[in-house]
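Me: I would like to learn how to read the inside and the surface of a protein model, going slowly and one feature at a time.

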Amino acid sequence: MSRATRRRAALPRFTRRGAALLICGVLLFSITPWFDLRDLMLLAFIGILLPVVALGYVFVRTPSLAVRRTFEPAVVGAGGSARVLLAVQNRGRRALDSADWRDTAPNRLQTPPEAILPALGPWERLMPRGDDTAKLEYRLRVPYRGVFEIGPLKVTTTDPFGLASIVREVGTAHELVVTPTVTALDPALGTAAAVDGVLHGVQRRTHPNADEFIAREYRHGDPMRRVHWPATARRGELMVRDEEQRGDPEARLVVDTTLSGRAGRGAVRSEEDPRHAGFELAMEIAASVGTHLLERGFQVRVDRLADPVHQPLSEASPDGYRSPGGEHALLEDLARVENPLLDARHGASDDDPAAIPVSHDARMPGYAVLVDPDAAQVQLLVALRPALSPAVAFVVPGVSSRVVEALEDADWRIVPVRRAADLPEAWSIAGRTRQSAGGGSDAS
């Protein structure tokens with residue numbers, strides 16, 4: 001809301017009763033000289049002055065209120081609802097009654113209609129009994145992903161005769177985080193990568209004849225191919241080879257957040273643009289895939305397609321996400337990604353694909369979620385391909401055929417997703433891709 005709109009909202013106005021009384025007073029004052037009804041002149045003045053005095057009364061009498069707003073839960077998924085709890089406290093020396101309240105929210109959300117605010121007693125400083133505080137609550141449905149400013153509270157006060165009223169904003173706005181919807185994916189598409197992780201080169205011992213095959217006790221989930229049978233026979237218990245230094249399993253997720261493929265072509269930047277639905281679908285795909293990988297024990301690095309090297313999804317998590325707690329952080333960061341069709345601040349990337357460091361020694365599973373990339377961003381993905389095994393690109397409706405052909409030529413596996421309900425099947429297709437590409441070392 002602009003400052004001018006707020007000023008207009010803070011100006012007092014007549015109620016229906018006050019407007020009717022004022023009109024009657026003006027009519028009486030008009031007809032009295034014609035019919036020589038001087039006795040009605042007093043009534044005419046009363047009818048005019050009372051609403052005007054009431055207008056000044058509500059304008060001068062400013063209530064002093066404090067508002068605390070909390071959400072249950074503090075973070076809610078898209079399509080769900082949150083319980084909004086309000087504590088309104090009177091900080092003035094006089095009681096407050098004859099007031100109404102209504103909470104405010106962005107146009108995309110709908111708050112309950114105006115309701116009566118319970119009477120509030122004077123502020124109790126020394127011996128608080130709670131008479132100066134009113135507890136309010138309502139349920140807010142949030143069908144969309146994003147971060148929404150809920151508040152400030154609007155309080156409408158009137159004069160004792162109900163002739164004039166004024167609407168004032170009380171308190172400040174509070175953020176409600178709405179995360180993307182997470183679709184459950186099949187957890188039984190393979191476990192090899194989750195067990196082995198991304199294997200890094202072993203550091204050789206300084207002694208040239210040192211045995212590089214170090215045996216350790218068998219742990220639940222170790223693949224049987226790594227059983228070290230001589231050590232098992234010597235120890236009398238199952239031993240496995242630990243010839244490689246095993247790090248945390250890693251995966252990479254690249255998300256298209258700029259929609260720069262058709263920038264400047266006169267597209268309507270609004271919720272009516274088909275790319276709006278595609279962008280929100282991409283956020284659901286990223287949330288579902290990222291959460292699934294984190295639950296499987298992966299450390300997931302999430303980058304924006306604008307610059308997969310130097311622009312992580314969140315500056316708070318530049319090295320990626322890991323469990324426990326990584327799922328919640330990832331979902332909240334995805335909730336804060338602004339839709340460029342609503343924000344109208346997006347453009348093509350000027351990054352040099354040759355600047356992307358490519359490593360062939362520690363290839364990790366890679367996933368891209370594409371909405372509307374431009375040629376430069378496609379080249380970024382092509383340059384990134386040698387570092388990923390397998391490389392799967394989930395594309396939503398609207399991705400151009402040129403983009404698909406360029407990525408297929410670079411050995412990316414393209415998996416189309418038309419709607420959120422298709423995501424489990426798309427993940428199964430990606431799983432079959434991983435099994436054929438990695439020989440059983442997949443990332444699901």
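Me: Which residues does L253 touch, not counting residues up to four places away in sequence?

Reply: Please keep in mind that this is a predicted model. With those sequence neighbours left out, L253 touches A286, V289, G290, V300, R301, V302, D303, Y367 and V369.

Me: What is the largest nonpolar core, and which residues have the most contacts inside it?

Reply: The general idea is that, in soluble globular proteins, nonpolar side chains tend to be buried together. Here the largest nonpolar core has 37 residues, and L253, I285, V289, L293, V302, Y367 and F394 are those with the most contacts inside it. Two or more residues each are given to this core by β16, α6, β17, α7, β18, β19 and α11, and α6 gives the most, with 10 residues. Another core, of 27 residues, lies apart from it and includes L117, L120, F148 and V155.

Me: Which residues of helix α9 are buried, and which elements do they pack against?

Reply: In α9, which spans residues 375–384, the buried residues are Q377, V378, L380, L381, A383 and L384, and they pack against β16, β18, β19 and α10.

Key
Residues are numbered from 1 along each chain as its sequence is written. This is a predicted model: local features need pLDDT of at least 70, side-chain atom pairs count only at pLDDT 80 or more; totals for chains, interfaces and linings use all residues. Side-chain values use heavy atoms; hydrogens and water are left out. Buried means under 20% relative accessible area, exposed over 50%, partly exposed in between (1.4 Å probe, protein chains only). Helices (H or I, at least four residues) and strands (E, at least two) are DSSP runs, numbered from the N terminus. Contact means heavy atoms within 4.5 Å. A nonpolar core is a set of buried Ala, Val, Leu, Ile, Met, Phe, Trp, Tyr and Cys residues joined through side-chain atoms within 4.5 Å.
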